[in-house]
Amino acid sequence: MDSKHVEALLEKYWNGDTSLEEEAQLRAFFAQGDVPASLQSAASLFRYFQQEQQKKLAPSFDARVTKSIRQRQGGKIIRMVNLVNVARIAAGVLVIVAAGYLIRQEVSKMYPEDTYSDPKVAFEETKKALMMISKSFGKAQQEAGKIKMFNEAEEKIQSPKADNTEQKASI
Amino acid sequence: MDFHMFETRVLPVKNKLFRFATRLLGSQEEAKDVVQEALIKVWKGREQLNDVQNLEAWCMRIVKNLSLDRLRSSQRRPADGLDSHADIRQESLTPHETTELQESMKQIEQLMNALPDKQRQVMHLRDIEGYSYQEICEILEIDMSQVKVSLFRARQAVRDQLIKMNAYGL
């Protein structure tokens, strides 16, 4: 490629009119080293581009990436382990809640609940209950009165007997 | 996409991704992290990849977005030529010539990194990676006219700077 052609291409290049192929031609021209003095500054620019293209990641990079991707695939297992832990905690909470509920029920059984909400009805019922108790009590007293009569009669029978034995002794 | 496809179609693009991320971030270490992050992202989203026409441009776009996110979160501009340059050792050159060459490479790097963001990105994708205008549109998510204008301005700016450097005998 003669330098005139290169100069024309370079002019196109500076104006942003070159195609990818023409830019490749320029790169190839400047890479071969034998560059006229007038084109030295452009040559250093193209040399810079070439040098930049050589920058690469270290070979160990691939291993680093594939390792982290594999770890990500294993992530499902880690998530399963987390689920098991969550289930354990949930079971613990459930046991505590159930125990609490049962204890509450036991405690509430010890205190009888109110059966009436209306005070008037409650009063009537209480009165009825007290009447029943007093009736039974009166009945019981009557019965107890009979026992008293028995006792008195027994005493009377016992006392003449005692007199008789005393009389016999004196005879 | 299975793992074999990932190894044969996505992993080989890694160096292009790395160079682009380095250009955006100005740090090779950070670029390495971003490329790894991008590749993992591609793998995670492999189910949707059937709709992607140009896988390489897709990967480049992910790298661009991740790099810009990083820059945004740390609120900084890419560091200008922070990293060391590739070792230029040519048998035919004397140590003096090698130093001179390294010096001029360094200057061009600084010159390119001093370009506005879009111009720098377009010039990198075209002149270093050899992408077509259409691919650059896809990667940078801008329209064709923006790509052409940015490339024109970038090359003009570089040309002006090179003329100035020559005028001062560099």
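The report below takes up the interface and then the aromatic pairs.

This is a predicted model, in which local features need pLDDT of at least 70 and side-chain atom pairs count only at pLDDT 80 or more, while totals for chains, interfaces and linings use all residues. Residues are numbered from 1 along each chain as its sequence is written, and side-chain values use heavy atoms, with hydrogens and water left out.

In chain B, 42 residues are in contact with 32 residues of chain A, contact meaning heavy atoms within 4.5 Å. The rule finds six salt bridges across this interface, a salt bridge being a side-chain nitrogen of Lys or Arg within 4 Å of a carboxyl oxygen of Asp or Glu. One of them joins the side chains of E23(A) and R126(B), at 3.0 Å from N to O.

Over all chains, nine aromatic pairs are found; rings of Phe, Tyr and Trp (its six-membered ring) pair if their centres lie within 6.5 Å, and planes under 30 degrees apart count as stacked, over 60 as edge-to-face and the rest as tilted. Two of the pairs are tabulated.

| Pair | Type | Centre to centre | Angle between planes |
|---|---|---|---|
| F46(A) and F49(A) | edge-to-face | 5.7 Å | 80 degrees |
| F3(B) and F6(B) | stacked | 6.2 Å | 25 degrees |

F46(A) counts as buried because its relative accessibility is 3%, buried meaning under 20% relative accessible area with a 1.4 Å probe and protein chains only. F49(A), at 0% relative accessibility, likewise counts as buried, and both F3(B) and F6(B) are buried.

Key. Chains lettered and ligands numbered in written order. Buried < 20%, exposed > 50% of the residue type's maximum accessible area, 1.4 Å probe, protein only.
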